[in-house]
Amino acid sequence: GLYTPGSTFKIITTASVIENKADISEWQFECNGETVIDGVKITCPDKHGVMNFEEAFTKSCNCAYAALTDEIGKNALTKTAEKSRIDLSNAEKGDIAWAGVGQYTTLVNPYHMLTVLGCVANNGNAVLPYVVSNVTSPDGKILKEATAVTESRITADVANTLKTMMRKNVENN
């Protein structure tokens, strides 16, 4: 099945921001609990105050991620998320902002999100899932055997940055 991923999608948005925003280490955002992008109100459960990129990730700030998604744009997010079901072709800026926080028309399979996390853990290489490891005959002979397929999805540098941010999230939140 496909589900709206919510904040778990911020991992994909984070990868896209790292790949597409050169000055991200200088970026700051002030969360007041809501922001408006192109007439669309994006809400956050808290007023997080002034944050940098890592703090926005740790606090899972919808407003900050909406602003970041607006900055990188739909093409960058779509390219990074191409293995997810995301169609931003007719989306307005406010809709794109919601997509960056895992809402709007963003749909993923939970299996896919596990593959994304495995990709981060495996230095940018995703091991694609398969259901059956082998098929055997009644007498035990292996008739068909599946092999793991690995695809490079993000660079090792992006994966390592994500790992560091995810670890800090666990330590600080």
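The model is a predicted one. Its protein chain holds six helices and eight strands, and along the sequence these elements follow the pattern α-β-β-β-β-α-α-α-α-β-β-β-β-α. Buried residues account for 40% of the 173 residues in the chain. Helix H1, at residues 10–20, is largely enclosed by the rest of the structure, because nine of its eleven residues are buried.

**Overall layout**

- Taken along the principal axes, the C-alpha atoms of the protein chain fill a box of roughly 65 × 35 × 25 Å.
- When contacts between residues at least 6 apart in sequence are considered, 63% of them join residues that are at least 24 apart.

**Helix H1 and what covers it**

- The buried residues of H1 are Lys10, Ile11, Ile12, Thr13, Thr14, Ala15, Ser16, Val17 and Ile18.
- The cover over these buried residues includes helix H2 (53–58), helix H3 (62–80), helix H4 (93–100), helix H5 (110–121) and helix H6 (156–172).
- In the segment before H1 lies proline 5, which counts as buried because its relative accessible area is 14%, under the 20% cut-off.
- Proline 5 and glycine 102 stand 97 residues apart in sequence, yet their C-alpha atoms are 5.3 Å apart in space.
- Not counting residues up to four places away in sequence, proline 5 touches Gly102, Thr106, Leu107 and Val108.

**The largest nonpolar core**

- The largest nonpolar core has 42 residues, and those that touch the most other members are Trp27, Phe29, Phe53, Ile154 and Leu162.
- Two or more residues of this core come from each of H1, strand S1 (28–31), H2, H3, H4, H5 and H6, and the largest share, eight residues, is given by H3.
- Isoleucine 154, once its neighbours within four places in sequence are left aside, is in contact with Ala15, Glu19, Cys119, Val120, Asn123, Gly124, Ala159 and Leu162.
- The count of aromatic pairs comes to one, and this pair is formed by tryptophan 27 and phenylalanine 29, which are stacked with 6.0 Å from centre to centre and 5° between the planes.
- Both tryptophan 27 and phenylalanine 29 are buried.

**Two buried threonines**

- Threonine 69 is part of helix H3, and with a relative accessibility of 0% this residue counts as buried.
- Leaving aside neighbours within four places in sequence, threonine 69 is in contact with Thr13, Leu77, Ile96, Ala97 and Gly100.
- Threonine 115 has its place in helix H5, and with a relative accessibility of 8% threonine 115 also counts as buried.
- With neighbours within four places in sequence again left aside, the contacts of threonine 115 are Ala126, Val127, Leu128, Pro129 and Arg153.

**The cysteines**

- A disulfide is a covalent bond between the sulfur atoms of two cysteines.
- Zero disulfides are found in a search of the whole structure, and cysteine 31 is in none, its nearest cysteine sulfur being that of cysteine 61 at 3.6 Å.
- Cysteine 31 is buried at 1% relative accessibility, and cysteine 61 is buried with a relative accessible area of 0%.

**The largest pocket**

- Rolling a probe the size of a water molecule over the atoms shows where empty space is left.
- The largest pocket has a volume of about 390 Å³.
- Its lining is made up of 22 residues, of which Lys79, Thr80, Ala81, Arg153 and Ile154 lie nearest the centre of the pocket.
- At least two residues of this lining are supplied by each of H1, H3 and H5.

Terms used
Residues are numbered from 1 along each chain as its sequence is written. This is a predicted model: local features need pLDDT of at least 70, side-chain atom pairs count only at pLDDT 80 or more; totals for chains, interfaces and linings use all residues. Side-chain values use heavy atoms; hydrogens and water are left out. Buried means under 20% relative accessible area, exposed over 50%, partly exposed in between (1.4 Å probe, protein chains only). Helices (H or I, at least four residues) and strands (E, at least two) are DSSP runs, numbered from the N terminus. Contact means heavy atoms within 4.5 Å. A disulfide is a pair of cysteine sulfur atoms within 2.5 Å. Rings of Phe, Tyr and Trp (its six-membered ring) pair if their centres lie within 6.5 Å; planes under 30 degrees apart count as stacked, over 60 as edge-to-face and the rest as tilted. A nonpolar core is a set of buried Ala, Val, Leu, Ile, Met, Phe, Trp, Tyr and Cys residues joined through side-chain atoms within 4.5 Å. On a 1 Å grid over the protein atoms alone, a cavity is a set of points where a 1.4 Å probe fits but cannot get out, and a pocket is an open set with protein on both sides within 12 Å along at least five of seven lines; lining residues have an atom within 4 Å of a point. Grid points are joined across faces, edges and corners, and a volume is the space filled by probe spheres set on the points.
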